[in-house]
Amino acid sequence: LHLIPVPYRPFFPGQVQPIAINLREWGSTLEAVHKAGTGLIGLSYLHLPASGSAEPQQFPEIGCVVRLHRPTMATEQTGQFLAQGIKRFRIVRWLSDKPPYLVQVEYPRSQGDRDSDEIKAYAMALIKQIRELLPLNPLYSEELKQYLANFSPSHPSMLADFSAALTTATGEQLQEILDTLPLRSRMEKVLQLLRKEREVAELQGQITSQVNEKVTEQQREFFLREQLKIIQ
């Protein structure tokens, strides 16, 4: 599997999102993937040094393999492709430690009984937290509402990953979610992230409301002063 590092936050299975890349640094990697004909590439969360390349030990052990859609193979400096997260991969061995990075990988599975009552209860708790976030944050789109309407409790792993990707958690916190294979532990961690997200959204709403009240009060005072001038 060829690798491309992504800064800021890791990519998750089930996630679909455009990825912008520097073609001077990663154009050769896209060409190698194109020649291989698989359409698959590994994304690893990593803050690159100024030189643009990193040592193997700086890469996290677990990343996300994605399918490339509509890759930009232009001569421009910046390109992008639409990435569709497929599943986790674990690096087993490095075959090339210089760009284009190439690694031997295995695909670890989630651990735990996804049909157990406990896992189903965690899944419903995650859904409840997301539903409570919907009216608090306008960024949650109509597509998310449709996802919730068609949600199946039989896919708890994807639900946990999807829920984590929704949050504004740090890259390190999200990488911890990606690293956690036991379903119960992962869902528990994601639940904590969603609760924190709701608390922040509620606080943001209170601050916005207070600011609006202050602005409205100042406007009222201004109009009253203007009316008083006219009366005088």
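Tutor: Let's start with a definition: a salt bridge is a side-chain nitrogen of Lys or Arg within 4 Å of a carboxyl oxygen of Asp or Glu. This is a predicted model, where local features need pLDDT of at least 70, side-chain atom pairs count only at pLDDT 80 or more, and totals for chains, interfaces and linings use all residues. Residues are numbered from 1 along each chain as its sequence is written, and side-chain values use heavy atoms, leaving out hydrogens and water.

Student: Okay, so how far apart are N and O in the salt bridge of E176 and K189?

Tutor: They are 3.3 Å apart. That pair links distant parts of the chain, 13 residues apart: E176 sits in helix α5 (residues 171–179) and K189 in helix α6. Helices (H or I, at least four residues) and strands (E, at least two) are DSSP runs, numbered from the N terminus.

Student: Are D161 and R88 buried or exposed?

Tutor: Buried means under 20% relative accessible area, exposed over 50%, and partly exposed in between (1.4 Å probe, protein chains only). Here, both D161 and R88 are buried. They form a salt bridge too, with the closest N and O atoms 2.8 Å apart. D161 lies in helix α4 (residues 156–166) and R88 in strand β5 (residues 78–96), so the pair ties together parts 73 residues apart in sequence.

Student: Which residues are linked in a network of salt bridges?

Tutor: K128, E132, R198 and E202. Within it, E132 and K128 meet at 2.8 Å, N to O. These two are 4 residues apart in helix α2 (residues 117–133), which means about one helical turn separates them.

Student: And how many salt bridges does a search of the whole structure find?

Tutor: The search finds 11.
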